[in-house]
Amino acid sequence: MNFDIVPAASFGTDELTALWNRAYEDYFVPVAFDRAMFERHVRRAEADLALSRAIVVSGDACGLSLVGRRGPRAYLAGFGIASAQRRRGLAKQLIDAQLLTLSAAGLSQVQLEVIEQNPARQLYAQAGFVEGRMLEVLEGSFEPRADATASMPDTDTLAAVHAACSAISRPTWRREWPTVQGALAHDGAVALGAATNGYAILLPTALPLNTLLDAAALDEPSAHALLDALAQARPGARWRLVDEPVGSPMHRALTARGAAVVIRQIEMTATLPFIPPAASPSSRP
């Protein structure tokens, strides 16, 4: 079987959007994107299309590895092979080539999250990723337990609270400060704070389910106060928080208030050796 592995930057946005949707055909959860959604995902992940890779078989682009970059770290922001080309060894070729490319670019670490029951866990483990934290997607509706004083923190205050909470429970890539900043600047997200001990980043309400881009607190009482503030801000709303580390103050408060786990993910990390650029091929026969 002949194939090429090429930079994702070789394709236009519409082509990459179509390739993303093919790569996630028959996935565990629906992740089909239109052009605007794909562009937003690329921006939030700080995806580097020159470092990202696509696999092409007989002229057909049928697999995508999308990576974000922040300093020496990388994040696998999307990975998959079109259903018609699966179980042919292409995923292994693509992930191996992607890691070689990242190593040659001088990156030292790459992280990803994988759904607990996804067989790709084995692929990633074989490629050198080590399993770490359990992350949960939680959903629930909350009645306020007490009056809560909610505020709209300014950028400096929010940055300080985010940093303090991050020191207690490290956020995933999708909830790090650059992502939060981008959502506030470009996506109509709104910050809500409970004093200076917690915060939530609310995305625009387009569906009955209210998605929190991020939420964190310094301790469990502060997390409960934040949930009270959210319940007062949007009475009766059902909330979703993605990638919450098990055992964090926010996780403990959410589960104590009856939030349901809808998805479990495993955080995986690979440490990359430095490989000179000449050793990182862009294609293989």
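Me: What do the buried residues of helix α1 pack against in this predicted model?

Reply: The buried residues of α1 pack against helix α2 (35-45) and against the strands β2 (53-57), β3 (60-70) and β4 (73-81). The residues in question are Leu-16, Thr-17, Leu-19, Trp-20 and Ala-23, in a helix that runs over residues 13-23.

Me: Why is Thr-17 called buried?

Reply: A residue counts as buried when its relative accessible area is under 20%, and because the value for Thr-17 is 6%, Thr-17 is buried. Leaving aside its neighbours within four places in sequence, Thr-17 is in contact with Phe-33, Asp-34, Arg-35 and Phe-38.

Me: Why are helices α5 and α6 called roughly antiparallel to each other?

Reply: The axes of α5 (residues 155-168) and α6 (residues 177-186) come within 11 Å and cross at roughly 150°. Angles over 145 degrees count as roughly antiparallel, and therefore α5 and α6 are described in this way. Their crossing is right-handed.

Me: Which residues of α5 and α6 meet, and how do they divide into nonpolar, polar and charged?

Reply: Thr-155, Leu-158, Ala-159 and His-162 in α5 meet Trp-177, Val-180 and Leu-184 in α6. The residues of this contact divide into five nonpolar and two polar, with no charged residue among them.

Definitions and conventions. Residues are numbered from 1 along each chain as its sequence is written. This is a predicted model: local features need pLDDT of at least 70, side-chain atom pairs count only at pLDDT 80 or more; totals for chains, interfaces and linings use all residues. Side-chain values use heavy atoms; hydrogens and water are left out. Axes are lines fitted to C-alpha atoms, for helices over the stretch in contact, and angles run from 0 to 180 degrees between N-to-C directions. Helices (H or I, at least four residues) and strands (E, at least two) are DSSP runs, numbered from the N terminus. Angles under 35 degrees count as roughly parallel, over 145 as roughly antiparallel, 65 to 115 as roughly perpendicular and the rest as oblique. A crossing is left-handed if the near helix is turned anticlockwise from the far one by less than a right angle, and right-handed if clockwise. Contact means heavy atoms within 4.5 Å. Ala, Val, Leu, Ile, Met, Phe, Trp, Tyr, Cys and Pro count as nonpolar, Asp, Glu, Lys and Arg as charged, and the others, Gly among them, as polar. Buried means under 20% relative accessible area, exposed over 50%, partly exposed in between (1.4 Å probe, protein chains only).
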